[in-house]
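Work through the two exercises below with the model open. Each task is followed by its solution in steps.

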Amino acid sequence: MYSANSRRHERRFDTNRPELYEEVKLFRNAREREKYDNMADLFALIQTLQCLEKAYIKDAVTAKEYTEACSKLLAQISAAFNLVKSSSYPDIPSFMKEYYLDCPAALQRIEEGKPITVQDNQGNISKSIADVISLYITLCDKLQMDMRAKDELYTDLKCLADVLDRMSSIPPDFEGKKKVYFWVSELDKLSAADTLDEEQVRQMVFDLESSREAFVRTLN
């Protein structure tokens, strides 16, 4: 004799209910299938943009590589969203919220509509100029206070290089930019705890001060 538990277990696999064995599909026709494909494409593109933003923050890609890839992704996301847009998803944030897509860096980039390396001269030039001057002064002050380890200098130096790179008003052959890039590449060779020697510190201060003076001259 079967126990009560065995009979209950048997009922779970009732062969008289074939609907229980049918495959569950998200779509019932070609139009619905295309809808889900488009949504999957948009979801994947937003995730890819999030990964790209994180890679740039970690300095895993160059500014040029980042700018090209980000511009392409933003265009693709815009095109993909046009195929998904509806009353349920009037904008990209609502789509992301619906599907628990936690990609804050990607969302910020989408809302700004351009790579972080590209800025408008009209709205951001004043801030960029102030940032450049401030970073030049901060770096020189650090060096003069005997702060010469890579982890004490690299973040500000890389930020300075990025801001200079974003400013389209600066000539491509601007000598000051080349000097900043040179020191970024030099620090790239060091580990976090490595320090610059006296000669390197003296040369870096000289290069930064002359670069700042040249930058100010370009504004005139």
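**Exercise 1: the faces of helix 5**

Task: list the buried residues of helix 5 (residues 104-112) and say which face they line.

Solution. A105, A106, R109 and I110 are the buried residues, buried meaning under 20% relative accessible area and exposed over 50%, with a 1.4 Å probe and protein chains only. Helices here are DSSP runs of H or I with at least four residues, numbered from the N terminus. Viewed down the axis of helix 5, the buried residues fall within an arc of 135 degrees, so they line one face; the arc is that of the directions from the helix axis to the C-beta atoms. P104 and E111 are exposed on the other side of helix 5. The cover over the buried residues includes helix 2, helix 3 and helix 4 (92-98), where contact means heavy atoms within 4.5 Å.

This is a predicted model: local features need pLDDT of at least 70, side-chain atom pairs count only at pLDDT 80 or more, and totals for chains, interfaces and linings use all residues. Residues are numbered from 1 along each chain as its sequence is written, and side-chain values use heavy atoms, leaving out hydrogens and water.

**Exercise 2: helix 2 against helix 3**

Task: describe how helix 2 (residues 30-57) and helix 3 (residues 63-84) pack.

Solution. The angle is about 160 degrees and the axes are 9 Å apart, the axes being lines fitted to C-alpha atoms over the stretch in contact, with angles from 0 to 180 degrees between N-to-C directions. That makes helix 2 roughly antiparallel to helix 3, a term for angles over 145 degrees. By class, their contact has 18 nonpolar, three polar and one charged residues; Ala, Val, Leu, Ile, Met, Phe, Trp, Tyr, Cys and Pro count as nonpolar, Asp, Glu, Lys and Arg as charged, and the others, Gly among them, as polar.

Methods:
Helix = DSSP H or I, 4+ residues; strand = E, 2+ residues; numbered from the N terminus. Parallel < 35°, antiparallel > 145°, perpendicular 65-115°, else oblique.
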